[in-house]
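Reader: I am new to protein structures and would like to learn how to read one. Please take me through some features.

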Amino acid sequence: MRYLTIFIFTVTIYASNILNVNIKELKNKNSIEVLFHFDTPYNGSIVQKVDKEKIIIILKDAKIRKTWLKKIDTPFVYQIELVPKERDSELIIYTVEKAAVLAAKTSDGFGLKLMIKKLSPTTKTKKEKKKDSDIFLLIVGGVFSAALFILIVFMFSAKKTPKIKKKRINVENPKEKELNIRFEKSLDEHNKLALISFRGVNYLVIIGSTNILLGKYKQSDIENEEDFNKLVEESQSHIENIFSQKTDNEPLNEFDLYKEKASKEF
């Protein structure tokens, strides 16, 4: 019984020594393998701690003589360090992104493989997924409630708003405004000289006992009363000639005849 007790005690005292460590970077650079080789079958436990920008893997009852360091060329891990801690060893994984560590021993116990895998940004835990689902339902419920409230307010307002009586609006025919007497001047008690504007053209006419069209002018030719008076002076001899002689021209007896002539090209 004494020898048995000593044997069990000596087994628990002596830990496995780490002979070497190998690093294997996979081609996709999203995974890294860390391989440990021991002098005896490794039966210790493995504890993981996650700190800011690093993951600490504690290998219980696994000893290494001195610190071991390896630079890594991957987008999520840039350095791995193995540090001796009394009877244990700490594997420190320096990361810039979130990563997961999986451990597996060889069948004979002389080897240990740690697989370091980069976590996808879309990877979420069950709690995170449930939280996102609850937030989504909360948002949908809020939007539905707001829409229902707006609908109720709209229906209530529609009932309270008095009906507006429709009022008919008579719109003047713009063609009736096309004919406009811009300037006029009395020639005698029966006749007068007038400048009539129709569809952008000015017409100088004599209105009275004798209705005669004297000429057509552009709008820009006669813009004010001064231009009109100047036109009258220039037409004075022609007007006097009309009144002193009987003309063979057909008189304009109807006012609509002005519109017929005015519609012709200037």
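Reader: How many bridges join strand E2 to strand E10, and do they run parallel or antiparallel?

Author: A note before the answer: this is a predicted model. Strand E2 (residues 31-38) and strand E10 (residues 111-118) are joined by seven bridges and run antiparallel. One place to look is Ile32, whose bridge partner in E10 is Ile116.

Reader: Which strand pairs with E10 over seven bridges and forms a hairpin with E10?

Author: That is strand E9 (residues 99-105), which pairs with E10 in the antiparallel sense. Ala99 has Lys118 in E10 as its bridge partner. Five residues lie between E9 and E10 in the hairpin, and Gly109 in that turn has a positive phi of about 85°.

Reader: Where does Glu53 lie, and what is its phi?

Author: Glu53 lies in the loop between strand E3 (46-51) and strand E4 (54-59). Its phi is positive, about 60°, although Glu53 is not a glycine. Glu53 is also exposed, because its relative accessible area is 53% and the cut-off is over 50%.

Reader: Which loop holds Asp61, and is Asp61 exposed or only partly exposed?

Author: Asp61 is in the loop between E4 and strand E5 (62-63). Asp61 too has a positive phi of about 60° without being a glycine. With 32% relative accessibility, Asp61 counts as partly exposed.

Reader: How do I read a strand that has partners on both sides in the list of pairings?

Author: In a regular strand the side chains alternate between the two faces of the sheet. For the case here, take strand E12 (residues 191-198). Strand E11 (residues 179-186) is joined to E12 by seven bridges, and the two run antiparallel. Phe183 stands opposite Leu195 of E12, and a hairpin of four residues connects E11 to E12. E12 also pairs with strand E13 (residues 201-208), over eight antiparallel bridges. There, Leu193 has Ile206 as its bridge partner. The hairpin between E12 and E13 has two residues between the strands, and Arg199 in the turn has a positive phi of about 55°.

Reader: Why is E12 described as largely enclosed by the rest of the structure?

Author: Because seven of the eight residues of E12 are buried.

Reader: How is a pair of aromatic rings described, and how many pairs are there?

Author: Such a pair is described by the distance of the centres and the angle of the planes. The structure holds four aromatic pairs. Among them is Phe36 with Phe38, a stacked pair at 6.5 Å centre to centre with 20° between the planes. Both Phe36 and Phe38 are buried. Another stacked pair is Phe183 with Phe228, at 5.4 Å centre to centre and 20° between the planes. This pair links distant parts of the chain: Phe183 is in strand E11 and Phe228 in helix H3 (residues 225-234), 45 residues apart. Phe183 counts as buried at 17% relative accessibility, and Phe228 is buried at 1%.

Reader: Which residues do ring pairs link into a cluster?

Author: They are Phe36, Phe38 and Tyr42.

Reader: Which residues make the nonpolar surface patch?

Author: Leu148, Leu151, Ile152, Phe154 and Met155 make a patch of about 520 Å². Phe154 belongs to helix H2 (residues 126-160) and is exposed, with a relative accessible area of 59%.

Terms used
Residues are numbered from 1 along each chain as its sequence is written. This is a predicted model: local features need pLDDT of at least 70, side-chain atom pairs count only at pLDDT 80 or more; totals for chains, interfaces and linings use all residues. Side-chain values use heavy atoms; hydrogens and water are left out. Patches are made of residues with over 30% relative accessible area and no salt bridge: like charges are joined within 9 Å, nonpolar side chains (Val, Leu, Ile, Met, Phe, Trp, Tyr) within 5 Å. Accessible areas come from the Shrake-Rupley method with a 1.4 Å probe; for residues, only the protein chains shown count as cover. A salt bridge is a side-chain nitrogen of Lys or Arg within 4 Å of a carboxyl oxygen of Asp or Glu. Buried means under 20% relative accessible area, exposed over 50%, partly exposed in between (1.4 Å probe, protein chains only). Two strands pair if DSSP finds at least two bridges between them. Rings of Phe, Tyr and Trp (its six-membered ring) pair if their centres lie within 6.5 Å; planes under 30 degrees apart count as stacked, over 60 as edge-to-face and the rest as tilted.
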